[in-house]
Amino acid sequence: MNMITFDDTNRLLYVSLKHQETFANAKTESIEVDEGIFIEKTENGEIVGIQILDGSKSEYIVSAMKDFIDIPKKINKKLDSNI
């Protein structure tokens, strides 16, 4: 199961791309790919998570995800109002 964890107090975001049980015994390392953005990868190169420690970047992504999730609701409201 993939998970998205957002700590709104500290404004930290972690996105798990794989169920932790699938790589529980593998060594992982975090690599900074941009300022405040890290990927977690296994020793065989598989990316298993993304961590964003920059508060403004994590809030931006969380806001974009919320907007994306709300798109169907907005479309249905517009369709209903046109009927």
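Is Gln51 buried, partly exposed or exposed? Gln51 is partly exposed, because its relative accessible area is 30%, and partly exposed covers values between the buried limit of 20% and the exposed limit of 50%. The model is predicted. Its strands form an open sheet of five, in the order β1-β2-β5-β4-β3, with antiparallel pairing. Gln51 belongs to strand β5 of this set.

**Sheet layout**

- The edges are β1, spanning 3-7, and β3, spanning 28-34. Each edge strand pairs on one side only.
- From one strand to the next, the twist averages 20°.
- In the strand order, β5 stands between β2 and β4.

- Strands β1 and β2 run antiparallel and are joined by five bridges.
- Ile4 has Val15 of β2 opposite it.
- Four residues lie between the two strands of this hairpin.
- Arg11 takes a positive phi in the hairpin, near 60°.

**The β2-β5 pairing**

- Strand β2 covers residues 12-16, and strand β5 covers residues 47-52.
- Four bridges hold this pair, again in the antiparallel sense.
- Tyr14 has Gln51 of β5 as its bridge partner.

**Around Gln51**

- Leaving aside residues up to four places away in sequence, Gln51 touches Leu13, Tyr14, Gly36, Ile37 and Phe38.
- Tyr14, one of these contacts, is also the bridge partner of Gln51.
- Val15 lies 36 residues from Gln51 along the chain. The C-alpha atoms of the two are separated by 6.4 Å.

**Nonpolar core**

- Which residues make up the largest nonpolar core? Its five members are Leu13, Val15, Ile37, Ile52 and Val62.
- Nonpolar side chains in soluble globular proteins tend to be buried together.
- Leu13 and Ile37 belong to this core, and both are touched by Gln51.
- Val62 touches Phe6 and Leu13, not counting residues up to four places away in sequence.

Technical notes. Residues numbered from 1 in each chain as written. Predicted model: local features only at pLDDT ≥ 70, side-chain atom pairs only at ≥ 80, totals over all residues. Heavy atoms only, no water. Pairing = 2+ DSSP bridges. Axes fitted to C-alpha atoms, helices over the stretch in contact; angles between N-to-C directions. Buried < 20%, exposed > 50% of the residue type's maximum accessible area, 1.4 Å probe, protein only. Contact = heavy atoms within 4.5 Å. Core = buried A, V, L, I, M, F, W, Y, C linked by side-chain atoms within 4.5 Å.
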